[in-house]
Amino acid sequence: MLTSSSPLAALRLAARPSGLCWGSVQRRAFGIKTTLKVQEYISKAIKADKQGEKHVTGPQPVVDTIFANMPPELRVPLFPEPMRMDTMEHKWGTSDLEALDVGTTKHRIPDRISDKIALWAVKSARRPTDVFFRHKYVHRAVMLEVVAAVPGMVGALIRHVRSLQRMRHDGGWIGHLLHEAENERMHLMTWMEISKPVLWERALIATVQTGFFAVFSLLYMVSPRTAHRVVGYLEEEAVTSYTHFIGEIDAGRIANVPAPAVAIAYWNLEPTSTLRDVVLAVRADEALHRDTNHHFSDRIEARRESLFDDLDNSDNKPRIKY
């Protein structure tokens with residue numbers, strides 16, 4: 001194996017977090033002649049690695065220079081932060097997750113026509129999902145998270161652009177919405193480890209996500225308040241679905257398999273955690289998204305969008321508005 005101290009491994013490590021493939025790093029960082037030299041060095045490194053050698057000859061200074069010039073934050077892969085930071089305080093077991101008050105029956109009663117339309121749209125979208133997936137809760141979860149990961153990113157993008165156009169602070173929403181999108185993406189990564197969808201399922205997922213992305217983007221540009229209300233109702237349905245998921249596991253109709261490693265690391269779960277523990281953790285996240293998006297919708301209606309307006313400034317500490 002290539003060790004992290006080898007120049008080749010270091011350069012690959014540096015390139016990976018930035019979202020660049022190895023070929024693009026070569027094209028951007030080197031000229032044609034230098035690229036050929038580095039390719040020759042890589043070939044030697046791979047050959048030496050197979051033979052168990054630790055050192056190879058070649059233009060190591062080129063690779064070392066690129067790695068040395070990398071910003072420190074790009075040298076170490078960044079791991080997503082969980083939605084509940086208190087999970088980092090200690091390993092979470094089944095009893096901890098069951099003790100979380102997620103409000104499984106919590107529902108925001110619509111009081112405006114736009115809210116009623118939002119609720120109707122979410123309920124209507126759920127019906128074909130129930131027919132198609134029935135009791136395939138893992139596959140249902142994949143479809144749900146593919147859709148649920150869109151609103152946070154769309155909202156953050158649009159608010160980011162508006163903040164630039166208006167040249168004023170966003171009020172603290174962008175960071176939270178990005179965090180929400182990342183959290184939903186980690187849900188998807190977890191379920192992908194368990195479900196292993198086949199090609200036609202992936203095609204269906206991509207089609208649904210593309211359509212939802214377009215529709216939700218348009219909705220957010222026209223009425224952010226309604227868009228957040230839609231997400232709030234969508235998360236209500238998510239909490240309900242995951243509650244049924246837990247019921248199926250408890251009834252023995254779904255095997256309570258060991259939790260995937262990505263879930264154990266992300267939620268800081270006990271090493272012996274199972275699928276049921278993962279569902280409990282995901283449901284708790286969805287409950288937070290439910291409450292937050294309903295709250296965001298209410299803030300827009302009340303014209304109090306800045307989250308800094310309600311901060312306790314009694315400590316007189318300087319706060320950065322962003």
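Leaving aside neighbours within four places in sequence, Asn 293 is in contact (heavy atoms within 4.5 Å) with Glu 180, His 228, Val 231 and Gly 232. Asn 293 is found in helix α13, where helices (H or I, at least four residues) and strands (E, at least two) are DSSP runs numbered from the N terminus. With a relative accessible area of 1%, Asn 293 is buried; buried means under 20% relative accessible area, exposed over 50%, and partly exposed in between, for a 1.4 Å probe and protein chains only. The side chain of Asn 293 makes a polar contact of 2.9 Å with the side chain of His 228. A polar contact is a pair of N or O atoms within 3.5 Å; within protein, one must be able to donate a hydrogen and the other to accept it, and residues adjacent in sequence count only if both atoms are side-chain atoms.

The model is predicted, so local features need pLDDT of at least 70 and side-chain atom pairs count only at pLDDT 80 or more, whereas totals for chains, interfaces and linings use all residues. Residues are numbered from 1 along each chain as its sequence is written, and side-chain values use heavy atoms, with hydrogens and water left out.

The protein chain contains 13 helices and 0 strands. Of its 322 residues, 43% are buried. Among contacts in the protein chain with a separation of 6 or more, 74% are between residues 24 or more positions apart.

The side chain of Asn 268 reaches the backbone oxygen of His 90 at 3.1 Å, and a polar contact of 3.2 Å joins the side chains of Asn 268 and Lys 91. Beyond four places in sequence, the residues in contact with Asn 268 are Thr 87, Met 88, His 90, Lys 91, Trp 92 and Ala 263.

Trp 267 touches Thr 87, Met 88, Trp 92, His 187, Thr 190, Val 278, Ala 281, Val 282 and Asp 285, not counting residues up to four places away in sequence. Trp 267 also belongs to the largest nonpolar core, which has 38 residues. A nonpolar core is a set of buried Ala, Val, Leu, Ile, Met, Phe, Trp, Tyr and Cys residues joined through side-chain atoms within 4.5 Å. The members of the largest core that touch the most other members are Trp 191, Tyr 242, Phe 245, Trp 267, Val 278 and Val 279. Two or more residues of this core come from each of α8 (137-166), α9, α11, α12 and α13. Apart from it lies another core, of 13 residues, among them Val 150, Tyr 220, Val 231 and Phe 296.

The structure holds 6 aromatic pairs. Rings of Phe, Tyr and Trp (its six-membered ring) pair if their centres lie within 6.5 Å; planes under 30 degrees apart count as stacked, over 60 as edge-to-face and the rest as tilted. The ring centres of Trp 191 and Phe 245 are 5.7 Å apart and the planes stand at 35°, so this pair is tilted. Because Trp 191 lies in helix α9 (residues 173-195) and Phe 245 in helix α11 (residues 224-250), the pair ties together parts that are 54 residues apart in sequence. Trp 191 counts as buried at 0% relative accessibility, as does Phe 245 at 1%. Phe 216 and Tyr 220 form another tilted pair, 6.1 Å centre to centre with 50° between the planes. These two residues are 4 apart in helix α10 (residues 199-222) and hence separated by about one helical turn; both Phe 216 and Tyr 220 are buried. Ring pairs also link Trp 191, Tyr 242 and Phe 245 into a cluster.

Helix α9 has 23 residues and reaches 33 Å from its first C-alpha to its last, close to the 33 Å expected at 1.5 Å a residue; the expected span is 1.5 Å times one less than the number of residues. Just after α9, Lys 196 takes a positive phi of about 50°. Arg 202, found in helix α10, is partly exposed, with a relative accessible area of 45%. Leaving aside neighbours within four places in sequence, Arg 202 is in contact with Met 192 and Pro 197.
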